[in-house]
Amino acid sequence: MNDSRDSKAIQGVFAGFLNPVAARLGLRFGEAEYPEPMQQVQARIVFAFQIAYASTWLAYVMLYAMFEAYISAGICLLVGVLPSVIGVILLRYGHRVSMAGMLSNVGSASALFLLTFTTGGAGSAIIVWLLAVVVGTYLQLGKRMGHLVCAYIITLVVVVGLLDSRYGDAFYELPFPEGTVWFLCYNYIFAFSISALIISIFVQQFEEGYVALQKAELRYRLLLSHSPVGIFHYDTNLIITYCNERFADMLHNSSENLIGLDMKLLKDQSVLHAINRALKGEDGHYEGPYSATLSNAHIWVDMICAPSLDERGNIIGGIGIALDISERKLAENELRIAAIAFDSQDGMLVSDADNNILRVNQAFTNITGYAPDEVVGKNPRMLGSGRQNADFYTALWGALNTTGMWEGEIWNRRKNGEVFPESLSITAVKDARGDITNYVASFSDITLRKSAEEEIRNLAFYDPLTGLPNRRLLQDRLRQALASSGRSGKEGALLFIDLDNFKALNDSLGHDIGDVLLQQVALRLQSCIREGDTVARLGGDEFVVMLEDLSADALESAAQTETVGEKILATLNQPYQLRTHEHHSTPSIGATLFIDQRQPIENLLKQADIAMYQAKKAGRNTLRFFDPQMQDSINARATLEGELRKALERQQFQLYYQVQVDGQNRPVGVEALIRWIHPERGLVSPDQFIPLAEETGLIQPIGNWVLEVACIQLVKWAATKEMAHLSISVNVSAHQFQQDDFSERVIEALERTSANPERLKLELTESMLLSDIDSIIAKMDVLKERGVGFSLDDFGTGYSSLSYLSKLPLDQLKIDRSFVMNLESNDDNVAICAATISLAHSLKLKVVAEGVETETHRYILSSVHHCDILQGYLFGKPVPIDQLEASIK
């Protein structure tokens with residue numbers, strides 16, 4: 001190798017220039033992809049060193065080769081270029097930063113070792129090698145102390161360079177082989193130091209930039225953490241790599257649970273379209289409902305997704321920004337509902353705090369007739385009807401300003417001047433400070449409702465035919481009249497009016513004509529009373545007049561009542577023109593007086609009703625006042641009715657039997673007579689309770705019980721030789737026989753008890769024959785076919801028709817006791833009995849005479865006139881079954 005100074009200068013300049021350029025290129029080329037910023041810094045530093053080492057040693061290899069020092073070139077290639085090239089490969093393609101750095105250090109130290117070994121021996125070489133490794137590793141760490149080392153080395157190189165320029169010849173004359181050591185050390189140290197200085201300055205700049213980057217990143221993360229919107233990052237596999245707390249809160253979860261979630265497995269796939277668009281390089285958007293996968297969150301979400309790019313512009317994932325718009329959607333829905341409600345069937349009006357109309361809806365226009373432009377800016381008092389006074393509006397605004405709302409009914413006026421009722425609700429709208437900003441009024445036209453209510457009220461309190469108050473309204477007014485009478489001490493009166501023979505008018509001319517009469521009677525009654533009095537219709541042809549403020553003296557008030565009653569009689573006796581018919585009608589009037597509340601309302605009406613019936617009994621077309629004794633009789637009757645019902649429930653009835661005999665005094669039958677064994681009154685006669693039972697309808701169950709017991713008794717007698725031939729006669733009430741199922745009930749009783757129908761006789765009264773004779777004959781025929789016998793009771797006391805006698809399937813006629821009791825002294829009775837017996841025999845009927853109490857009776861009836869069967873006290877009184885059986889046996 002030529003050791004001239006020119007050649008050495010060329011080598012030094014070449015190596016010194018090449019190292020920094022190579023180092024800079026190495027920094028740019030070494031920007032490999034590392035996950036952390038510090039790893040990126042270390043990789044670039046080590047890469048720069050590797051390029052610098054490799055370029056330096058390559059320069060030496062080329063120089064040695066130029067001077068044909070091939071051994072030295074090979075050594076430089078082996079210990080300098082080769083480790084640096086391996087380090088570059090490891091760093092660039094294997095991402096092995098530490099190993100590449102160590103190779104650089106080891107390569108540099110090995111070069112120094114070889115140089116030292118050739119000049120100073122093995123010990124010096126080892127020391128230099130260790131120091132080189134330590135210094136190189138220390139520089140590799142990028143510590144600030146490396147700046148001092150680099151500065152020290154540069155100072156050393158400068159000093160050595162000055163010495164070289166001043167005393168270069170002396171150095172080259174040292175006993176080293178051709179000055180090789182000095183040449184190599186100088187060039188190597190200079191090139192290395194320049195490269196290290198460049199890299200050290202870069203490290204310092206990068207560290208400062210890295211700190212700034214960390215601060216920026218911290219600010220970015222704080223921004224993400226406290227962002228009011230949810231933010232999340234995801235990679236190309238749709239795996240969430242980051243999310244802020246707001247995003248986690250939206251989904252009712254935590255960021256730890258959400259990071260790593262595979263969005264391909266989402267329960268709700270509606271958001272995936274927008275997420276995937278970002279991975280295609282497009283912006284994605286989704287707005288709609290979303291159900292979370294890892295919680296029960298159900299929200300409305302507005303989400304925007306954008307692609308995430310690396311430094312080269314490649315898509316490495318996406319970033320999403322999500323906003324929970326559930327409250328907004330709820331508000332929109334409420335606004336939509338409010339808008340629909342505003343345009344509902346109810347009129348709506350919105351005013352400001354000064355009560356100036358701001359807005360009205362279509363229903364407002366439909367109800368009032370005013371268009372919006374006619375009312376906006378005006379005060380709602382323009383709708384006033386004038387029916388409400390100032391006190392009303394004072395109370396309205398007082399309630400509105402106190403409670404924030406008012407609701408009620410009010411009368412307003414339409415544009416056409418019509419006054420109408422409306423149901424109005426006003427609400428005050430307040431701001432956050434509690435100040436009223438608006439008033440909202442909602443109203444509806446209740447004209448139809450008011451009309452319906454009035455109609456319902458009329459139906460509830462007034463008679464639809466005459467327009468008079470009905471019973472309910474009469475009772476209400478009577479209650480008020482009693483209270484007023486108690487305060488004033490003045491008497492009042494009730495007049496109960498019933499039209500005589502009204503049913504005959506309905507039956508003859510029809511109910512429509514009867515309704516006309518009732519309407520005219522109502523008008524006439526109203527003309528007979530004062531303004532404060534009341535005329536009411538209870539129903540049918542019954543009217544009540546209530547008089548108030550009569551005299552405090554009972555006699556004088558009675559006289560006043562009588563005067564009004566006579567006036568009513570005279571007025572209602574006038575002829576009526578009922579369409580084409582002229583009709584005359586009379587009333588029967590019952591009156592009662594009242595004062596304060598000593599008498600219940602129903603009792604007063606009952607008293608007037610009782611008095612009215614007394615007027616009818618007195619011949620009709622008259623007035624009668626209530627008699628307290630009559631009330632006592634009615635009360636007793638009501639008590640008896642209640643006890644009679646209990647007697648039926650508690651089986652207090654018992655059958656007594658009166659024997660019937662033939663002409664030889666032999667028993668041939670009995671008549672079953674019901675008795676009431678009262679626990680307090682004892683034995684109650686049928687004459688006391690049978691008429692009441694017929695009036696109340698209790699005769700039906702009582703008659704069924706008598707028939708049942710009689711059939712059971714026949715069955716018992718059928719098993720007894722002495723009694724088997726006897727028949728039992730049972731009295732049948734007209735009400736009982738008129739039932740459509742009477743025949744079926746008798747047959748059911750016979751079949752249920754297995755009684756012999758030929759031993760049963762049913763006694764009918766003549767009063768039954770007055771109506772529907774064909775139905776009576778049909779029922780009798782049904783029972784006659786079964787073997788049941790019939791007897792006509794009390795013959796001669798009622799209406800008897802010989803033609804009916806020939807048609808009726810009778811077996812017996814019974815002569816009433818009224819014809820038997822005076823046979824000894826009354827020839828007429830004897831003649832009647834003889835004629836009855838002769839008539840019956842001619843019709844092939846047997847005759848039963850009841851009321852036989854003496855031998856004379858028996859002789860005349862049986863021996864003289866050949867009466868078939870006798871019944872009376874002469875043969876035995878009605879007795880219980882055990883006494884009867886004992887007497888016969």
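Ala, Val, Leu, Ile, Met, Phe, Trp, Tyr, Cys and Pro count here as nonpolar, Asp, Glu, Lys and Arg as charged, and the others, Gly among them, as polar. The structure is a predicted model, in which local features need pLDDT of at least 70 and side-chain atom pairs count only at pLDDT 80 or more, while totals for chains, interfaces and linings use all residues. Residues are numbered from 1 along each chain as its sequence is written, and side-chain values use heavy atoms, with hydrogens and water left out.

Start with confidence. The pLDDT is the predictor's confidence in each residue, from 0 to 100. The protein averages 81, and 76% of the residues score at least 70. Helices (H or I, at least four residues) and strands (E, at least two) are DSSP runs, numbered from the N terminus. Among these elements, strand 13 (residues 542-547) has the highest mean pLDDT, 96. Helix 1 (residues 5-29) has the lowest, 41. Over residues 1-35 the pLDDT stays under 50. A contact means heavy atoms within 4.5 Å, and the model has 70 contacts beyond four places in sequence for residues 1-35. Residues 112-129 also stay under 50, with 19 such contacts.

Now look inside. A cavity is a set of points on a 1 Å grid over the protein atoms alone where a 1.4 Å probe fits but cannot get out; lining residues have an atom within 4 Å of a point. Grid points are joined across faces, edges and corners, and a volume is the space filled by probe spheres set on the points. There are 8 cavities of 30 Å³ or more. The largest cavity has a volume of about 230 Å³. Its lining has 21 residues, and Phe 247, Leu 251, Leu 266, Val 271 and Tyr 290 lie nearest the centre. Helix 8 (245-250) and strand 4 (298-309) are the elements that give two or more residues to this lining. Strand 4 gives the largest share, 3 residues. By class, the lining of the largest cavity has 18 nonpolar residues, 3 polar ones and no charged ones.

Turn to the charged pairs. A salt bridge is a side-chain nitrogen of Lys or Arg within 4 Å of a carboxyl oxygen of Asp or Glu. The structure holds 34 of them. For exposure, buried means under 20% relative accessible area, exposed over 50%, and partly exposed in between (1.4 Å probe, protein chains only).

Glu 374 pairs with Lys 415, with the closest N and O atoms 2.7 Å apart. This pair links distant parts of the chain, 41 residues apart: Glu 374 is in helix 13 (residues 372-375), and Lys 415 is in the loop between strand 8 (405-413) and strand 9 (419-430). Glu 374 counts as partly exposed because its relative accessible area is 27%. Lys 415 is partly exposed too, at 45%.

Lys 503 and Asp 507 form a salt bridge at 2.9 Å, N to O. Both lie in helix 17 (residues 502-509), 4 residues apart, about one turn of the helix.

Glu 671 and Lys 814 meet at 3.1 Å, N to O.

Finish at Pro 469. This residue sits in the loop between helix 15 (447-461) and helix 16 (471-488). Pro 469 counts as buried because its relative accessible area is 7%. Beyond four places in sequence, its contacts include Phe 461, Arg 477 and Arg 537. Pro 469 and Arg 537 are 68 residues apart in sequence, with their C-alpha atoms 6.4 Å apart in space.

Technical notes
1 Å grid on protein atoms, 1.4 Å probe; cavity = no way out; pocket = protein on both sides within 12 Å on 5 of 7 lines; lining within 4 Å.
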